Amino acid sequence: MAQLVSCMAVAHAPGMTGWFDKAEPGQRERLQAGYADLGRRLKAARPDVVIGFGNDHLLNLPFDNLPDMCIGTAAQWEGPAPWFQDWLAIEPFRVPGKPDVAHALVQALDRRGLALAFRPDLLMDDNFSVPLKVLTPQFDVPFIPVHMNCLVPPVPTPRACFDKGALIARAIAEDLPAGLRVAIMSTGGLSHDPGGPRYFEIDEAFDRWFLALLQQGDTERAFAECTLERMRAAGAGGTPELIAWFVAWGAAQGAPAEIVCYEPTVGLRCSMGGVSWK
(Lines give C-alpha, C1' and ligand atoms only; values in the text may rest on other atoms or scores of the structure.)
Protein backbone atom coordinates (compact mmCIF):
# COMPACT_ATOMS: atom_id res chain seq x y z
CA MET A 1 0.00 0.00 0.00
CA ALA A 2 1.11 3.54 -0.78
CA GLN A 3 0.61 6.11 1.95
CA LEU A 4 -0.96 9.57 1.84
CA VAL A 5 1.46 11.44 4.09
CA SER A 6 0.43 15.06 3.63
CA CYS A 7 -2.66 16.93 2.49
CA MET A 8 -2.84 20.71 2.20
CA ALA A 9 -4.40 23.55 0.19
CA VAL A 10 -2.96 26.99 -0.55
CA ALA A 11 -3.79 30.11 -2.54
CA HIS A 12 -1.42 30.56 -5.49
CA ALA A 13 -1.92 34.15 -6.68
CA PRO A 14 0.93 35.58 -8.81
CA GLY A 15 1.37 38.52 -6.45
CA MET A 16 2.90 36.15 -3.89
CA THR A 17 6.08 36.17 -5.97
CA GLY A 18 5.46 38.87 -8.60
CA TRP A 19 4.58 41.91 -6.50
CA PHE A 20 4.78 40.75 -2.90
CA ASP A 21 5.94 44.22 -1.83
CA LYS A 22 2.38 45.48 -2.47
CA ALA A 23 1.08 43.52 0.50
CA GLU A 24 0.86 45.50 3.70
CA PRO A 25 3.63 45.28 6.30
CA GLY A 26 2.63 42.67 8.81
CA GLN A 27 0.70 40.74 6.19
CA ARG A 28 3.94 39.95 4.36
CA GLU A 29 5.63 38.62 7.47
CA ARG A 30 2.61 36.54 8.50
CA LEU A 31 2.22 35.06 5.03
CA GLN A 32 5.92 34.26 4.79
CA ALA A 33 5.75 32.55 8.17
CA GLY A 34 2.59 30.66 7.25
CA TYR A 35 3.83 29.39 3.90
CA ALA A 36 7.19 28.51 5.46
CA ASP A 37 5.29 26.48 8.06
CA LEU A 38 3.43 24.64 5.31
CA GLY A 39 6.72 24.02 3.50
CA ARG A 40 8.23 22.55 6.67
CA ARG A 41 5.21 20.30 7.12
CA LEU A 42 5.51 19.09 3.55
CA LYS A 43 9.23 18.42 3.91
CA ALA A 44 8.71 16.64 7.24
CA ALA A 45 6.23 14.29 5.57
CA ARG A 46 9.07 13.08 3.29
CA PRO A 47 6.88 12.56 0.20
CA ASP A 48 8.22 10.59 -2.75
CA VAL A 49 5.83 12.56 -4.96
CA VAL A 50 3.53 15.57 -4.64
CA ILE A 51 0.29 15.48 -6.62
CA GLY A 52 -0.96 19.02 -7.27
CA PHE A 53 -4.53 20.04 -8.14
CA GLY A 54 -5.13 23.50 -9.55
CA ASN A 55 -6.96 25.61 -12.12
CA ASP A 56 -5.57 25.42 -15.67
CA HIS A 57 -6.27 29.13 -16.43
CA LEU A 58 -6.98 27.99 -20.00
CA LEU A 59 -3.23 27.73 -20.68
CA ASN A 60 -3.34 24.11 -21.82
CA LEU A 61 -6.84 22.73 -22.09
CA PRO A 62 -9.17 23.45 -25.02
CA PHE A 63 -11.80 26.04 -24.23
CA ASP A 64 -14.50 24.17 -26.16
CA ASN A 65 -13.88 20.71 -24.70
CA LEU A 66 -12.51 21.03 -21.17
CA PRO A 67 -11.98 17.90 -19.10
CA ASP A 68 -12.67 18.21 -15.38
CA MET A 69 -9.11 17.03 -14.70
CA CYS A 70 -6.00 16.34 -16.78
CA ILE A 71 -3.09 14.47 -15.17
CA GLY A 72 0.48 15.31 -16.20
CA THR A 73 2.55 12.29 -17.21
CA ALA A 74 5.95 13.81 -18.12
CA ALA A 75 9.29 12.69 -16.64
CA GLN A 76 10.25 16.33 -16.08
CA TRP A 77 8.42 19.64 -15.86
CA GLU A 78 9.68 23.10 -16.69
CA GLY A 79 8.20 26.33 -15.47
CA PRO A 80 6.96 28.96 -15.48
CA ALA A 81 5.67 29.07 -19.06
CA PRO A 82 7.69 31.76 -20.89
CA TRP A 83 4.99 34.43 -20.88
CA PHE A 84 4.67 34.14 -17.09
CA GLN A 85 8.37 34.28 -16.11
CA ASP A 86 8.71 38.05 -15.74
CA TRP A 87 5.18 38.43 -14.42
CA LEU A 88 5.73 35.92 -11.62
CA ALA A 89 9.36 36.95 -10.98
CA ILE A 90 10.30 33.27 -10.84
CA GLU A 91 13.44 32.12 -12.60
CA PRO A 92 12.99 29.15 -14.96
CA PHE A 93 12.99 25.91 -13.00
CA ARG A 94 12.84 22.19 -13.59
CA VAL A 95 11.11 19.69 -11.34
CA PRO A 96 11.11 15.92 -11.85
CA GLY A 97 7.88 14.17 -12.77
CA LYS A 98 6.73 10.68 -11.91
CA PRO A 99 5.28 9.20 -15.11
CA ASP A 100 5.00 5.65 -13.76
CA VAL A 101 2.92 6.85 -10.82
CA ALA A 102 0.86 9.20 -13.00
CA HIS A 103 -0.02 6.43 -15.46
CA ALA A 104 -0.74 3.99 -12.62
CA LEU A 105 -3.10 6.52 -11.05
CA VAL A 106 -4.90 7.10 -14.36
CA GLN A 107 -5.41 3.38 -14.81
CA ALA A 108 -6.45 2.82 -11.19
CA LEU A 109 -9.04 5.60 -11.36
CA ASP A 110 -10.34 4.29 -14.69
CA ARG A 111 -10.93 0.89 -13.10
CA ARG A 112 -12.85 2.68 -10.34
CA GLY A 113 -15.09 4.49 -12.82
CA LEU A 114 -13.29 7.84 -13.03
CA ALA A 115 -11.85 8.35 -16.52
CA LEU A 116 -9.46 11.31 -16.58
CA ALA A 117 -7.50 12.99 -19.37
CA PHE A 118 -3.72 12.76 -19.27
CA ARG A 119 -0.90 14.56 -21.15
CA PRO A 120 2.90 14.86 -20.98
CA ASP A 121 3.06 18.44 -22.32
CA LEU A 122 1.28 20.66 -19.79
CA LEU A 123 2.59 24.19 -19.15
CA MET A 124 2.68 25.77 -15.71
CA ASP A 125 1.61 29.29 -14.84
CA ASP A 126 1.04 30.58 -11.33
CA ASN A 127 -1.19 27.60 -10.55
CA PHE A 128 1.78 25.41 -9.63
CA SER A 129 4.84 27.63 -10.13
CA VAL A 130 4.02 29.85 -7.14
CA PRO A 131 3.33 27.10 -4.57
CA LEU A 132 6.31 25.04 -5.75
CA LYS A 133 8.59 28.09 -5.48
CA VAL A 134 7.32 28.92 -2.00
CA LEU A 135 6.86 25.43 -0.51
CA THR A 136 9.62 23.45 -2.25
CA PRO A 137 12.15 26.12 -3.30
CA GLN A 138 14.72 23.50 -4.34
CA PHE A 139 12.21 21.95 -6.78
CA ASP A 140 13.58 18.58 -5.75
CA VAL A 141 10.40 16.65 -4.92
CA PRO A 142 8.90 14.76 -7.89
CA PHE A 143 5.67 16.41 -8.96
CA ILE A 144 2.52 15.33 -10.81
CA PRO A 145 0.32 18.28 -11.89
CA VAL A 146 -3.42 17.78 -12.27
CA HIS A 147 -4.91 20.67 -14.23
CA MET A 148 -8.58 21.31 -13.45
CA ASN A 149 -11.44 23.17 -15.06
CA CYS A 150 -12.55 25.57 -12.35
CA LEU A 151 -14.15 28.34 -14.39
CA VAL A 152 -15.74 27.26 -17.68
CA PRO A 153 -19.27 25.80 -17.42
CA PRO A 154 -20.04 23.06 -16.76
CA VAL A 155 -17.74 23.29 -13.73
CA PRO A 156 -17.70 20.27 -11.39
CA THR A 157 -19.48 20.98 -8.11
CA PRO A 158 -17.71 21.06 -4.75
CA ARG A 159 -19.36 17.74 -3.83
CA ALA A 160 -18.17 16.15 -7.09
CA CYS A 161 -14.63 17.37 -6.43
CA PHE A 162 -14.77 16.10 -2.84
CA ASP A 163 -15.92 12.68 -4.08
CA LYS A 164 -13.11 12.59 -6.65
CA GLY A 165 -10.61 13.43 -3.92
CA ALA A 166 -11.90 10.58 -1.78
CA LEU A 167 -11.65 8.21 -4.75
CA ILE A 168 -8.12 9.40 -5.53
CA ALA A 169 -7.10 8.77 -1.91
CA ARG A 170 -8.43 5.22 -2.08
CA ALA A 171 -6.61 4.62 -5.37
CA ILE A 172 -3.39 5.94 -3.82
CA ALA A 173 -3.75 3.63 -0.81
CA GLU A 174 -4.85 0.53 -2.66
CA ASP A 175 -3.37 0.72 -6.16
CA LEU A 176 -0.09 2.65 -6.10
CA PRO A 177 3.21 0.91 -5.31
CA ALA A 178 3.71 -0.28 -1.73
CA GLY A 179 5.80 2.05 0.38
CA LEU A 180 5.26 5.08 -1.88
CA ARG A 181 4.76 8.26 0.16
CA VAL A 182 2.31 10.65 -1.53
CA ALA A 183 1.42 14.27 -0.72
CA ILE A 184 -1.59 16.14 -2.09
CA MET A 185 -1.34 19.90 -2.62
CA SER A 186 -4.41 21.72 -3.89
CA THR A 187 -4.00 25.30 -5.06
CA GLY A 188 -6.31 28.19 -5.95
CA GLY A 189 -8.50 30.94 -4.49
CA LEU A 190 -9.18 32.48 -2.07
CA SER A 191 -11.48 35.40 -3.05
CA HIS A 192 -10.28 37.21 -6.15
CA ASP A 193 -11.64 38.30 -9.49
CA PRO A 194 -8.80 38.85 -11.99
CA GLY A 195 -9.97 41.25 -14.70
CA GLY A 196 -13.51 41.25 -13.35
CA PRO A 197 -15.67 43.86 -11.61
CA ARG A 198 -14.23 42.91 -8.19
CA TYR A 199 -10.60 42.92 -9.40
CA PHE A 200 -9.44 45.33 -6.71
CA GLU A 201 -11.63 43.96 -3.95
CA ILE A 202 -11.26 41.20 -1.39
CA ASP A 203 -14.27 39.44 0.08
CA GLU A 204 -12.84 38.86 3.53
CA ALA A 205 -16.23 37.81 4.96
CA PHE A 206 -16.48 35.04 2.36
CA ASP A 207 -12.90 33.89 2.96
CA ARG A 208 -13.31 33.63 6.72
CA TRP A 209 -16.68 31.87 6.32
CA PHE A 210 -15.17 29.37 3.86
CA LEU A 211 -12.16 28.68 6.05
CA ALA A 212 -14.44 28.19 9.06
CA LEU A 213 -16.38 25.55 7.11
CA LEU A 214 -13.15 23.64 6.51
CA GLN A 215 -12.10 24.08 10.12
CA GLN A 216 -15.42 22.71 11.37
CA GLY A 217 -15.21 19.68 9.09
CA ASP A 218 -18.94 19.87 8.32
CA THR A 219 -18.94 18.60 4.75
CA GLU A 220 -22.72 18.44 4.29
CA ARG A 221 -23.10 22.08 5.31
CA ALA A 222 -20.27 22.99 2.97
CA PHE A 223 -21.90 21.17 0.06
CA ALA A 224 -25.23 22.87 0.77
CA GLU A 225 -23.96 26.41 1.33
CA CYS A 226 -20.61 26.75 -0.46
CA THR A 227 -22.03 26.48 -3.95
CA LEU A 228 -20.42 27.54 -7.18
CA GLU A 229 -22.85 30.48 -7.23
CA ARG A 230 -21.65 31.61 -3.79
CA MET A 231 -18.03 31.33 -4.91
CA ARG A 232 -18.76 33.33 -8.08
CA ALA A 233 -20.41 36.06 -6.03
CA ALA A 234 -17.10 36.44 -4.19
CA GLY A 235 -15.21 36.86 -7.49
CA ALA A 236 -16.37 35.02 -10.57
CA GLY A 237 -13.01 35.06 -12.32
CA GLY A 238 -11.02 33.32 -9.62
CA THR A 239 -12.77 32.31 -6.40
CA PRO A 240 -14.26 29.09 -7.87
CA GLU A 241 -10.70 27.77 -7.97
CA LEU A 242 -11.56 26.72 -4.43
CA ILE A 243 -13.15 23.57 -5.86
CA ALA A 244 -9.56 22.27 -5.95
CA TRP A 245 -9.53 22.58 -2.15
CA PHE A 246 -12.51 20.22 -2.06
CA VAL A 247 -10.36 17.59 -3.81
CA ALA A 248 -7.84 17.75 -0.97
CA TRP A 249 -10.65 17.80 1.60
CA GLY A 250 -12.10 14.64 0.07
CA ALA A 251 -8.69 12.99 0.12
CA ALA A 252 -8.54 13.90 3.81
CA GLN A 253 -11.90 12.14 4.29
CA GLY A 254 -13.66 15.31 5.37
CA ALA A 255 -11.49 15.83 8.43
CA PRO A 256 -11.43 19.30 10.05
CA ALA A 257 -8.71 21.46 8.53
CA GLU A 258 -6.16 23.49 10.44
CA ILE A 259 -5.95 27.06 9.21
CA VAL A 260 -2.23 27.75 9.00
CA CYS A 261 -2.43 31.32 7.70
CA TYR A 262 -4.86 33.78 6.12
CA GLU A 263 -4.43 37.38 5.01
CA PRO A 264 -6.90 39.54 3.02
CA THR A 265 -4.14 40.96 0.82
CA VAL A 266 -5.82 43.61 -1.33
CA GLY A 267 -2.43 44.64 -2.73
CA LEU A 268 -1.92 41.15 -4.15
CA ARG A 269 -5.45 41.30 -5.66
CA CYS A 270 -6.24 37.99 -3.97
CA SER A 271 -6.62 36.75 -0.45
CA MET A 272 -3.79 34.44 0.47
CA GLY A 273 -3.49 31.60 2.92
CA GLY A 274 -3.35 27.88 3.41
CA VAL A 275 -4.72 24.98 5.41
CA SER A 276 -3.47 21.54 6.33
CA TRP A 277 -5.15 18.27 7.19
CA LYS A 278 -3.71 15.59 9.48
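Two residues are in contact here when heavy atoms lie within 4.5 Å of each other. The legends below all refer to a predicted model.

**View 1. The whole chain, before we zoom in.** The chain carries ten helices and ten strands. Its radius of gyration is 17 Å, close to the 19 Å that the globule rule gives for 278 residues, so the chain is as compact as a globular protein of that length. Along the principal axes, the C-alpha trace spans about 45 × 40 × 40 Å. Of the 278 residues, 58% are buried. Take the contacts with a separation of 6 or more, and 82% of them come from residues 24 or more positions apart.

**View 2. S186 and the residues around it.** S186 sits in strand 8, which covers residues 181-187. Is S186 buried or exposed? With 0% relative accessibility, S186 counts as buried, because the cut-off for that is under 20%. Leaving aside residues up to four places away in sequence, S186 touches M8, A9, V10 and F53, plus A244, W245, V247 and A248.

View 3. Eight strands make up an open sheet in the order 6-3-7-2-8-1-10-9, and the pairing is mixed. Strand 6 (117-119) and strand 9 (258-263) are the edge strands; each has a single partner strand, so one side of each is left without a neighbour in the sheet. On average, neighbouring strands of this sheet are turned by 20° against each other, direction ignored.

**View 4. Strand 6 meets strand 3, with two helices packed on the sheet.** Strand 3 (residues 69-72) and strand 6 run parallel and are joined by three bridges. Look for G72, whose bridge partner in strand 6 is R119. Helix 4 (residues 99-111) packs on the sheet, where it touches strand 2 (49-55), strand 3, strand 6 and strand 7 (143-148). The direction of helix 4 makes about 145° with that of strand 3. Helix 6 (residues 158-175) packs on the sheet too, touching strand 1 (3-10), strand 2, strand 3, strand 7 and strand 8. For helix 6, the angle to the direction of strand 8 is about 165°.

**View 5. Helix 10, tucked away inside.** How many of the nine residues of helix 10 (residues 243-251) are buried? Nine of the nine are, so helix 10 is largely enclosed by the rest of the structure. Among these buried residues are I243, F246, W249, G250 and A251. Just after the helix, Q253 takes a positive phi of about 60°.

**View 6. Cysteines without a disulfide.** The structure holds zero disulfides. C161 is in none, and the nearest cysteine sulfur, that of C150, is 7.0 Å away. C161 has 1% relative accessibility and so counts as buried. What about C270? The closest cysteine sulfur to that of C270 is in C261, 12 Å away, which is too far for a bond. C270 also counts as buried, at 1% relative accessibility.

Notes: Residues numbered from 1 in each chain as written. Predicted model: local features only at pLDDT ≥ 70, side-chain atom pairs only at ≥ 80, totals over all residues. Heavy atoms only, no water. Helix = DSSP H or I, 4+ residues; strand = E, 2+ residues; numbered from the N terminus. Buried < 20%, exposed > 50% of the residue type's maximum accessible area, 1.4 Å probe, protein only. Pairing = 2+ DSSP bridges. Axes fitted to C-alpha atoms, helices over the stretch in contact; angles between N-to-C directions. Disulfide = S-S within 2.5 Å. Rg over C-alpha atoms; globule rule 2.2 N^0.38 Å.
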